[in-house]
Amino acid sequence: MNKRMHPAELALALLNRSQCSVQVAAVLVDSWGIFAWGINHAGNGFGEHAEAHCLRRANRSRLEGATMFVAARRKRNGRAVTARPCDACQRLVRACHRVIWRDSRGVWCG
């Protein structure tokens, strides 16, 4: 994986790794660069949101001032889906400085 690519591009590339019907990917970046990523997955049957997966893999000391990029699309037709974090994930991503998500038109917001 090329860590020199823009975090938004990486989030879009990671969508292919998700096996869910709505594929979601999250990428964390700070002033030093990309330091964590995550995808939504079924895992052990309970599932995990991409934002939670990304934060679980992240170095906690780098979260202050970090930005999270979140992208989503439907697996069956590849159309963009609004990737704004759900209420549960909103509470988790409060540790980040900023969250940028992709809307259903493919525009990055936040």
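Trainee: Through how many residues does a hairpin join β1 to β2?

Mentor: The hairpin between β1 and β2 has two residues. This is a predicted model, where local features need pLDDT of at least 70 and side-chain atom pairs pLDDT 80 or more, while totals for chains, interfaces and linings use all residues. Residues are numbered from 1 along each chain as its sequence is written, and side-chain values use heavy atoms, leaving out hydrogens and water.

Trainee: What makes β1 and β2 a pair?

Mentor: Strands (DSSP E runs of at least two residues; helices are H or I runs of at least four; both numbered from the N terminus) pair if DSSP finds at least two bridges between them.

Trainee: Why is His 53 called buried?

Mentor: Buried means under 20% relative accessible area, exposed over 50%, and partly exposed in between (1.4 Å probe, protein chains only). His 53 has 10%, therefore it counts as buried. His 53 lies in helix α2, residues 50-57. Beyond its neighbours within four places in sequence, His 53 is in contact (heavy atoms within 4.5 Å) with Gly 38, Ile 39, His 41 and Glu 48.

Trainee: How many residues of β2 are buried?

Mentor: Seven of its seven, which leaves β2 mostly covered.

Trainee: What makes a set of residues a nonpolar core?

Mentor: Its members are buried Ala, Val, Leu, Ile, Met, Phe, Trp, Tyr and Cys residues joined through side-chain atoms within 4.5 Å. The largest has 20 residues, and Leu 28 and Phe 35 are among those with the most contacts inside it. β1 and β2 are among the elements that each supply at least two residues of this core.
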